[in-house]
Amino acid sequence: MNRVVAVIRRPFVLDVRALALLRVAVSAVVLVDLAIRATDLEAHYSNMGVLPLHVLYEHNWNPYEFSFHTSSGLWQVQAILFLLAAAAAVAMLLGYRTRLMTIVSWVLLVSVQNRNPLIGQGGDDLLRMLLFWGIFLPWGRVYSLDSRRQPSPTSLTTCSAATVAYIVQLALLYWCTALLKSGAEWTQTGTALYYALSLDQMLLPVGRLLYPYPELMRGLTFATYYTELLLPFALFIPWRVAWWRGLFIGVLVLFHLGISLTLFVGLFFLINWASLPGLLPPTAMDWLERKLVPPAQRLGTRLGQWRTGWRWPTPTWRSPVRVHLAAHIEHAPQSVTLLRAVRNTVVSVLLVYICWWNFDTVTSKRWAMPERMQWLGYLFRIDQHWGMFAPAVFKDDGWYILEGTTAAGRKIDLNRGGAPLTYTKPASVVSLFPNDRWRKYSENYLFVSNAFMRPYYCNYLLRIWGENARHPRLKQLEVIYMKEVTLPNYKTTKPTREVLCGCAP
């Protein structure tokens, strides 16, 4: 029985050094996300922007959610909260009071995501879940400032309910992404990538190079689908674990590199990359230590040990560690053992809940999670939906024209800095968006169910334009969408002009 348990445990044993790299990667992505969001403090998070608080509460609020960012409609208050989130992320990156800073970072990330759900994307769910599971992972055990106050680890590997949850979460992401892609263009005709690269709002230069080759895109469509469906099984094979993890990491690094070069997906690819370092096997970490630790130690010596505060684990290429987790449990104080048992129980229950939540999205309604149980998912924001380009790819495409009429009667396009109005498609539609948050907002802006958004965006644009004294005064602004439907075989419908909203000073 012990041998069977040992075999079952193998896929879930992680290197604490790899978990430390996971912490650093996730912290870095949180900081990048905050930096991008901070460029639109007023537009996306204040009452002067596109989603005032009363509109959020009326149309997009779940009573079980929370958000400190809804405490005020002033952008200055939002700036303070952003600075607090950045400070917590830096502390987490350095490993200072790691668990506490992970909790603070998670709370503030949930808070800012709840403040404006109209600019969220799939990568936000993954980043939120990485921080959530990070609360329970020992990712501050080494390569951290906290390590100064802790005894040196007698084992560089760990296995717990949290490591199981981390690995299962990654598998659920890709399994559900594939299972939700039920459209014929993914499973039969192989035209999904053709339609995806027909979306000018997302198309990047490398995608433009691939677009003229239908057979290549057909092959890449099936490769994408079966990679997402089959690759996660590699995480659960209990033999040659290091090899299978290396395959998983290598394939996904290339997979998301391809996505980032062809489609404008914001931080989606970076968040997925940041989710992978925790899987690095001990052999990979030994190699990284040999290459990186000695130079880092020399740098630390030059700067002064009091400035660095790092405690590097004993390099395993010199003194291999083979202590099993069970040994730690046997010699641990009873209170620590009890706390660990409680933590593992809580994580196990939450993992079952999350698996059910994901199962709910891909199965029939009779197996669905009852509404009376969904409050937990919304409260802790462990709700998730991995429907990227699912069940099929959008066929409706187009571009925005912000048609302003000046006091003198001239027609200008605010989307192109006030240039004379033209209905010709821009050479690069994606360049019209300052960042992916605005691209996602414009995507949601089109839905009839989100029609409440339209006047607030129109009036925000009108106000921002009028605040610049060099701009000609407008007497009318219309948000125009030039709709162009993608058809099979490289054909499109003639663009049609749709007026989504109009406003005046």
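By this rule, how many cavities of 30 Å³ or more are there? The count comes to one. The rule uses a 1 Å grid over the protein atoms alone, and a cavity is a set of points where a 1.4 Å probe fits but cannot get out. Grid points are joined across faces, edges and corners, and a volume is the space filled by probe spheres set on the points.

Before going on, the ground rules. This is a predicted model, where local features need pLDDT of at least 70, side-chain atom pairs count only at pLDDT 80 or more, and totals for chains, interfaces and linings use all residues. Residues are numbered from 1 along each chain as its sequence is written, and side-chain values use heavy atoms, with hydrogens and water left out.

Back to the largest cavity, which holds about 50 Å³ of space. Its lining, meaning residues with an atom within 4 Å of a point, consists of Val30, Leu34, Ala85, Ser105, Leu108, Leu109 and Val112. Helices H2 (16–38) and H6 (98–115) each supply at least two of the lining residues; helices here are DSSP runs of H or I, at least four residues, numbered from the N terminus. H6 gives the largest share, four residues. By class, the lining has six nonpolar residues, one polar and no charged. Nonpolar covers Ala, Val, Leu, Ile, Met, Phe, Trp, Tyr, Cys and Pro, charged covers Asp, Glu, Lys and Arg, and the others, Gly among them, are polar.

Now the packing. H2 packs with helix H5 (residues 75–94) at an angle of about 160°, with the axes 8 Å apart. Axes are lines fitted to C-alpha atoms over the stretch in contact, and angles run from 0 to 180 degrees between N-to-C directions. H2 and H5 are therefore roughly antiparallel (an angle over 145 degrees). On the H2 side, the residues in contact (heavy atoms within 4.5 Å) include Val30 and Leu34, and on the H5 side they include Ala85. The contact of H2 with H5 divides into 14 nonpolar, one polar and two charged residues.

The other pair is H7 (residues 122–134) and H8 (residues 161–179), at about 165° with axes 10 Å apart. That makes H7 roughly antiparallel to H8. Leu126, Met129, Leu130 and Trp133 in H7 meet Ala165, Tyr166, Gln169 and Leu173 in H8. That contact has seven nonpolar residues, one polar and no charged.

Definitions and conventions: Angles under 35 degrees count as roughly parallel, over 145 as roughly antiparallel, 65 to 115 as roughly perpendicular and the rest as oblique. On a 1 Å grid over the protein atoms alone, a cavity is a set of points where a 1.4 Å probe fits but cannot get out, and a pocket is an open set with protein on both sides within 12 Å along at least five of seven lines; lining residues have an atom within 4 Å of a point.
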